[in-house]
Amino acid sequence: MLFDDDKVHVHTIFRFPGFIPRAIGTPKVDALAHQYGNWHSRIIPNPERVTKENIEQLRGLDFVFVSIDNGPARITITDWLSSNDVHFVDCGMGLNRVATGLNGVVRVTGVDRTAFEGTAGTVFLPGEDPKEGEYRRQGQIAELNALNAALAVLRFKQHFGIYDREDAAMSCVLETTSLEIDRRMPVE
């Protein structure tokens with residue numbers, strides 16, 4: 001299932017993995033469902049946002065990727081998912097101007113109630129809308145979008161046992177300035 005009520009714009013094209021011809025102006029969910037329906041079955045496009053009124057549609061899913069820039073909606077969705085034993089990964093990014101250029105930030109958080117309770121309302125799972133920063137003013141940074149997606153898929157594959165997981169980190173944030181990863185561990 002894909003949920004999004006927006007159309008494809010020039011500035012959002014960089015968020016898509018791969019090139020989707022003639023996508024600009026079409027609903028995002030339709031463009032993605034058409035493109036990836038060529039090799040994935042049962043993609044269901046929903047041209048709407050996930051809200052309290054329709055969130056029940058997520059019940060019974062094996063896993064949910066959350067990638068939105070609305071903090072209160074992020075908290076509502078991940079709270080509901082984790083309360084209903086639907087595993088998830090939330091991913092997000094930011095771009096800030098620093099003294100010598102730009103600092104990109106990518107983060108992934110998940111996959112369960114422990115992760116939600118340990119990160120909700122922090123930089124690891126923000127509950128506020130992003131501030132006006134370079135992310136809103138600059139063109140999309142394709143490599144940061146790709147890295148964010150790759151980290152989300154790695155967390156997904158760790159959850160299903162494809163990749164090993166050495167510790168119980170609930171979240172990680174990588175900044176391009178230092179290339180260091182900050183992780184949030186559960187409190188014991």
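**Reading a residue and its strands**

Analyst: Leaving aside neighbours within four places in sequence, T109 is in contact (heavy atoms within 4.5 Å) with F88, V89, D90, T119, F124, L125, M170 and S171. This is a predicted model, in which local features need pLDDT of at least 70 and side-chain atom pairs count only at pLDDT 80 or more, whereas totals for chains, interfaces and linings use all residues. Residues are numbered from 1 along each chain as its sequence is written, and side-chain values use heavy atoms, with hydrogens and water left out.

User: Is T109 buried or exposed?

Analyst: Buried means under 20% relative accessible area, exposed over 50%, and partly exposed in between, with a 1.4 Å probe and protein chains only. T109 is buried, its relative accessible area being 0%.

User: Which polar contacts does the side chain of T109 make?

Analyst: A polar contact is a pair of N or O atoms within 3.5 Å; within protein, one must be able to donate a hydrogen and the other to accept it, and residues adjacent in sequence count only if both atoms are side-chain atoms. The T109 side chain reaches the backbone oxygen of F124 at 2.4 Å, and a polar contact of 2.6 Å links it to the side chain of S171.

User: In which strand is T109, and how does that strand pair with β6?

Analyst: Strands (E, at least two residues) are DSSP runs numbered from the N terminus, and two of them pair if DSSP finds at least two bridges between them. T109 lies in strand β5, which spans residues 101–111 and pairs with β6 in the antiparallel sense over five bridges. Within this pairing, V106 stands opposite L174 of β6.

User: What lies on from β6, and how covered is β6?

Analyst: Four of the five residues in β6 (residues 171–175) are buried, so that the strand is mostly covered. β6 also pairs with strand β7 (residues 181–184), antiparallel and over four bridges, with S171 opposite R184 in β7. The two strands β6 and β7 form a hairpin with five residues between them, and L179 in the turn has a positive phi of about 55 degrees.

User: How many disulfides does the structure hold?

Analyst: A disulfide is a covalent bond between the sulfur atoms of two cysteines; here the criterion is a pair of cysteine sulfur atoms within 2.5 Å. The structure holds zero disulfides.
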